[in-house]
Amino acid sequence: MHESVPDFEMPTEEQVHLAAETFRLLADPTRIKVLWALLQGESSVACLAELAGAAPTAVSQHLAKLRLAGLVKGRREGTFVYYSAANDHVRGLLAQALFHADHIDRDIPALHSTAKPHRPAAR
């Protein structure tokens, strides 16, 4: 059946593995909060912990995993490390996930694929 679809392509095994790993790392509410905060700008562990409602040690562990996955980057200034989102792909991933969640939560029908994701409604 797929042979009849013009230009049909499947991702490589490596692409599938890396995408699944990215989604696995994003499957944590604290990590989503931390990443969303980092999309607003650079931040320290203490500030991220306050924003995420988590202990600084827990946020540090989350950041270490996100950094290894290439989703965040750190910049050292003296004894402090300031974190930021690694690139705009992170923004796209989170925006789409939160946009989808907002539509499920409010039982909004799916929009055209060209619709721009927006920031979820504040609760």
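View 1. Glu-21 and Arg-24 join their side chains in a salt bridge, with 2.5 Å from N to O. Here a salt bridge is a side-chain nitrogen of Lys or Arg within 4 Å of a carboxyl oxygen of Asp or Glu. Both residues belong to helix H1 and sit three residues apart, about one turn of the helix. Helices (H or I, at least four residues) and strands (E, at least two) are DSSP runs, numbered from the N terminus. Glu-21 counts as partly exposed because its relative accessibility is 27%. On this scale, buried means under 20% relative accessible area, exposed over 50%, and partly exposed in between, with a 1.4 Å probe and protein chains only. A word on the source: this is a predicted model, in which local features need pLDDT of at least 70 and side-chain atom pairs count only at pLDDT 80 or more, while totals for chains, interfaces and linings use all residues. Residues are numbered from 1 along each chain as its sequence is written, and side-chain values use heavy atoms, with hydrogens and water left out.

View 2. Side chains of opposite charge can pair when their charged atoms come close. The structure holds three salt bridges, and two of them come together in this view. Glu-42 meets Arg-75 in one of these, at 2.7 Å from N to O. That pair links distant parts of the chain, since Glu-42 is in the loop between H2 and H3 while Arg-75 is in strand S1, 33 residues apart. Glu-77 also forms a salt bridge with Arg-75, again at 2.7 Å, N to O. Through shared partners, salt bridges join Glu-42, Arg-75 and Glu-77 into one network. How exposed are its members? Glu-42 is partly exposed, because its relative accessible area is 43%. Arg-75 counts as partly exposed at 35%, and Glu-77 is partly exposed at 43%.

View 3. Strand S1 (residues 72-77) and strand S2 (residues 80-85) pair in the antiparallel sense over six bridges. Two strands pair if DSSP finds at least two bridges between them. Gly-74 stands opposite Tyr-83 in S2. Two residues lie between the strands of this hairpin, and Gly-78 in the turn has a positive phi of about 65°.

**View 4. Ser-44 in the loop between helices H2 and H3.** Ser-44 sits in the loop that joins helix H2 (29-40) to helix H3 (45-52). Is Ser-44 buried or exposed? Ser-44 counts as buried, because its relative accessibility is 19%. Its side chain reaches the backbone nitrogen of Cys-47 at 3.3 Å. This is a polar contact, meaning a pair of N or O atoms within 3.5 Å; within protein, one must be able to donate a hydrogen and the other to accept it, and residues adjacent in sequence count only if both atoms are side-chain atoms. Setting aside neighbours within four places in sequence, Ser-44 is in contact with Val-81 and Tyr-82. Contact means heavy atoms within 4.5 Å.

**View 5. Trp-36 in helix H2.** Trp-36 is part of helix H2. Trp-36 counts as buried, because its relative accessibility is 18%. From Trp-36 to Leu-51 is 15 residues in sequence and 10.0 Å in space, C-alpha to C-alpha.

**View 6. The segment before helix H1.** Val-5 is found in the segment before helix H1 (13-26), and Asp-7 lies in the segment before H1 as well. Val-5, Phe-8 and Met-10 form a nonpolar patch on the surface, with about 310 Å² of accessible area together. Patches are made of residues with over 30% relative accessible area and no salt bridge: like charges are joined within 9 Å, and nonpolar side chains (Val, Leu, Ile, Met, Phe, Trp, Tyr) within 5 Å. Accessible areas come from the Shrake-Rupley method with a 1.4 Å probe; for residues, only the protein chains shown count as cover. Val-5 is partly exposed, because its relative accessible area is 42%. Asp-7 is exposed, with a relative accessible area of 74%. Most residues other than glycine have a negative phi. Asp-7 has a positive phi of about 60°, although it is not a glycine.
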